[in-house]
Structure formats: structure tokens, C-alpha cells
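Have the coordinates open and follow along.

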Amino acid sequence: MNRHQVLRQALREGRLFTAMAAHNPLSALLAEQAGFDGIWGSGFELSASHAVPDASILSLSTHLDMMRAMAARVRAPVIADIDTGFGNAVNVAYVLPQFEAAGVSAVVMEDKHFPKDTSLRERARQELVPIETFQGKVAAAVAARRDPDFVVIARVEALIAGLGQAEALRRASAYVEAGADAILIHSKQKTPDEILDFVRAWRGEAPLVLVPTAYPQLREADIAALGKVGVVIYGNHAIRAAVGAMREVFARIRAEGGIAGVDAQLPTVNDIIALQGDAAMRELEQRFLR
């Protein structure tokens, strides 16, 4: 099976598919090596890696280039976060084939106005488009894909916006009606209760996608036992891990006035060279350099 089919089959069979966030090919490769089923091409992480807010600041070309680079470095399916779709339904119809050509296996598009505001920021501006408007965007994405195994995921932000369960369920059902293959339901509550209420009420028209950033106590076994969730995404752990590690190492080097104390605790230079694909390059040298 190709990568698209791997993700599609997991959704079809009801096997929980795990995706770890990444913001560049190296973090994607490390996630794959750790055993995650797929890669979440996180808009939040990509924005953070550029030190700008996750608020539709970065260009389409920046997103595309990074998704292409990640898909070229890993074999696992890449799920691209395309925020609000870079415009209206017409824009989506042009954008989706570009992400498909970049090698990703799925896109996630959310039902907010452009420019968006990141979901978990306190006192954020969470404005949703009308249901019919987003149905058009979902339908445009589905119609634009060239491979039927390419997955279109609609992200419902009604709980994030404080609009309640009834509105979240109404939007989710409408987006499935428009052709969405799965529904990402998001919450910023510190416990999973709100999400669990949604899952219990969901009639199962399509698999659900959860991002348990705000409620980390919900483990994979708990999610799989719900029976309606196809994908769990760990949405920002790569960039948080990187920032935490760099802060610690940089501070220690300044405090100690050198690198002797931290050097032994870091991956070796040879470790990094191996991650860069050095063995494959050496093989090319042996075969082709004269």
C-alpha cells in the first residue's frame, strides 16, 4: 500500500492511528523512528519555528515547502494542517492539489474566519464561518483531490469558540454531508469531559480525530476504547520539547562558561550526521563518483 492507503485503511478498519507533530524534516524523521503511525504537519509548530504567531502569518508557499520537505524524508503518511484553507472555496480548490502533489496524504481544514487565531490561546479571537460556507470549502477540497484515498478532514471549532455541543454536532454532521472523510473535534478544556460528551453523542457518520493537548490524561487506550476515534494527534510536542531542551542547554552553557558540562549529555555529532542520511550519501558516492 502507498501512504494514502495506509491512512485510509486505518480509518476504514477503526484502528487508532497516531500522529506526532513536526515542524521540519528532522522532527518528522524522529517521530517516525519513535514509532508513530504518521506525521502531523503542524501549523502551530511551523509558525513557532519561525517565531511568529499561529495566526495565518506564514504564506502558502512556506507551508507547502515544509510539507514537501517532510514528506520527502519520511515514509509515514503526513497530515497537513492547512488552517482555514488559505481563502474561500475557490482558493481551496487550487490549494488542495498542491498539497497532494507535495506528497501529503491528508489535510485538516478548520471552520474559522481568515485570518485565524490559534485555538488554545487565552482570550483568543475565535470566529467561525457559517456552516454553508464551510460546507462549500469541504466540498471543493473533496472535488479537487486526484487520488480517492487522499483524506480530507474537517476541523470543528465550535467547542473552542464556546458555542456548545449542539452546534458542534450540527457542524460536524453538515461537514460529513459535504464530503469530509473525518471530523477533528477540538477542545481547550483541561479535562476530557467536553470531548467525551461529544464522542458519546456522535452517531458515527465518520471517524473522529482528537488532539488531547489540553487534556493529556486521556491516553491512547482510553481513546481507542471509545470506538469512534480514528486518529489521535499530538499537536505541539515536538516544538515544546525542542524549546525546553534548547533553553536548558543554552542556559547551562552560559552559566558554566563553556560546553564541557553539557557535551556528554547531547547526541553526538555522528548521531546527527546519521540522521542527515549520511549512509545513503556514501552509497551514492560508491556507486556513481568516478
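Where is the place of Asn236? Bear in mind that this is a predicted model. Asn236 sits in the loop between strand S8 (229–234) and helix H10 (237–256). Is Asn236 buried or exposed? With a relative accessible area of 9%, Asn236 counts as buried, because the cut-off for that label is under 20%. Skip the neighbours within four places in sequence, and Asn236 is in contact with Ala21, Phe44, Glu45 and Thr213.

Next, the greasy bits. The largest nonpolar core has 68 residues, and Ile39, Phe99, Tyr175 and Ile183 have the most contacts inside it. Another core, of 18 residues, lies apart from that one and includes Ala21, Val108, Val209 and Val231. In soluble globular proteins, nonpolar side chains tend to be buried together.

Phe250 belongs to helix H10.

Then the charges. The count of salt bridges comes to 19, and here are some of them:

| Side-chain pair | N to O distance |
|---|---|
| Lys116 and Glu110 | 3.4 Å |
| Lys112 and Glu157 | 3.0 Å |
| Glu167 and Arg170 | 2.9 Å |

Take Lys116 and Glu110: Lys116 is buried at 2% relative accessible area, and Glu110 is buried at 1%. Lys112 and Glu157 are both buried too. Why does the Lys112 and Glu157 pair tie together parts that are 45 residues apart in sequence? Because Lys112 lies in the loop between strand S4 (106–110) and helix H6 (131–144), while Glu157 lies in the loop between strand S5 (151–156) and helix H7 (165–177).

The Glu167 and Arg170 pair stays within helix H7, where the two residues are three apart, about one turn of the helix. Glu167 is buried, with a relative accessible area of 16%. Finally, salt bridges with shared partners link Asp54, Asp83, Glu110, Lys112, Lys116, Arg155 and Glu157 into one network.

Methods:
Residues are numbered from 1 along each chain as its sequence is written. This is a predicted model: local features need pLDDT of at least 70, side-chain atom pairs count only at pLDDT 80 or more; totals for chains, interfaces and linings use all residues. Side-chain values use heavy atoms; hydrogens and water are left out. Helices (H or I, at least four residues) and strands (E, at least two) are DSSP runs, numbered from the N terminus. Buried means under 20% relative accessible area, exposed over 50%, partly exposed in between (1.4 Å probe, protein chains only). Contact means heavy atoms within 4.5 Å. A nonpolar core is a set of buried Ala, Val, Leu, Ile, Met, Phe, Trp, Tyr and Cys residues joined through side-chain atoms within 4.5 Å. A salt bridge is a side-chain nitrogen of Lys or Arg within 4 Å of a carboxyl oxygen of Asp or Glu.
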